[in-house]
Amino acid sequence: MIELFKNLREMKTILYGNSEAEPVPEACSQLTQEFFNDNTFRLLVECLPKLNLEARKDATQVVANLQRQQVQSKLIASDYLERNMDLMDILISSYENPEMALHYGAMLRECIRHQIVAKYVLESPHMKKFFDYIQIPNFDIAADAAATFKELMTRHKSTVAEFLSNNYEWFFDEYNSKLLESSNYITRRQAVKLLGDMLLDRSNAAVMTRYVSSRDNLRILMNLMRESSKSIQIEAFHVFKLFAANQKKPPDIIGILVTNRNKLLRLLGDLKIDKEDEQFEADKAQVIKEIADLEPRE
């Protein structure tokens, strides 16, 4: 074990350098090739629970660095993982193991830098588990799972757009009920912020149009705008403005907005952010105008 810990520390020094020397590209390249050719990656992932805390940290940093190392301008980590996707199953399931979750979680986020890995995780049965992992009572593990979830939903635009189109119904059912309507303030705040990031991304335009045509989604966002937390109100506003701006509003959406017009106009009038922000004020003025001008449709 002492020998192993020493080797891990040496690998880390080769990849990251130390106070006396920068990493040497040739050495990094050679280490990367050997690491993946010899299947050391699998060995390290499978044996991580047997290592002590310091060695686990070193191993996690080594794995993270190797995802970015190019050999003859190729990311060989990506090719390796494509042939060994079952390792992702080990990394994801670790959220159920408090002792290993943070080490494996950090490795997992580095692996999903590769589009092929992100696609595998998004399309796997594991994806549904993230809605539970984000609500684990252990704050650090829940935050780590939320960070991985955010990475999955934002890094690879075309893969995410395809995933959301193909899995729209179950994904947003879970997202709304478990995250946006969670009893946990932090979960709600992070979820409404991420929702805004996803819907405002051009790649997800079709998904956004579908989301803002649903009366249930509108009700959830209106409730979030009524929260006492300023940050949740602001993030909810950034999603709500998409409902207001939709030029093809379904009649039931118009009905809800007209019925609640006075409350909404009061709420929006009182909505202020701490620092001056011209874009926010312009958006708010536009939304107020849209709602004030609405005519109920028969």
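The crossing of helix 15 and helix 17 is right-handed, a term used when the near helix is turned clockwise from the far one by less than a right angle, left-handed being the anticlockwise case. This is a predicted model, in which local features need pLDDT of at least 70 and side-chain atom pairs count only at pLDDT 80 or more, while totals for chains, interfaces and linings use all residues. Residues are numbered from 1 along each chain as its sequence is written, and side-chain values use heavy atoms, with hydrogens and water left out.

**A pair of helices**

Two packed helices are described by the angle between their axes and the distance between the axes. For helix 15 (residues 215-225) and helix 17 (residues 251-259), the axes come within 9 Å and cross at roughly 25 degrees; axes here are lines fitted to C-alpha atoms over the stretch in contact, with angles from 0 to 180 degrees between N-to-C directions. Helix 15 and helix 17 are therefore roughly parallel to each other, a label for angles under 35 degrees. Where they meet, Arg 215, Leu 218, Arg 219 and Met 222 of helix 15 face Asp 252, Ile 253, Ile 256 and Leu 257 of helix 17, contact meaning heavy atoms within 4.5 Å. By class, this contact has five nonpolar, no polar and three charged residues.

**A helix with a buried face**

Helix 6 (residues 86-93) has Leu 87, Met 88, Leu 91 and Ile 92 buried, that is, under 20% relative accessible area, whereas exposed means over 50% and partly exposed in between, with a 1.4 Å probe and protein chains only. Seen down the axis of helix 6, these buried residues fall within an arc of 135 degrees, so they line one face of the helix. Their cover includes helix 3, helix 5 (76-83), helix 7 (101-111), helix 8 (115-122) and helix 9 (130-133).

Ala 101, found in helix 7, is buried at 0% relative accessibility. Not counting residues up to four places away in sequence, Ala 101 touches Ser 94, Tyr 95, Ile 141 and Asp 144. The C-alpha atoms of Ala 101 and Ala 145 are separated by 8.7 Å, although the two residues are 44 residues apart along the chain.

Most residues other than glycine have a negative phi.

Notes. Helices (H or I, at least four residues) and strands (E, at least two) are DSSP runs, numbered from the N terminus. Angles under 35 degrees count as roughly parallel, over 145 as roughly antiparallel, 65 to 115 as roughly perpendicular and the rest as oblique. Ala, Val, Leu, Ile, Met, Phe, Trp, Tyr, Cys and Pro count as nonpolar, Asp, Glu, Lys and Arg as charged, and the others, Gly among them, as polar. The arc is that of the directions from the helix axis to the C-beta atoms.
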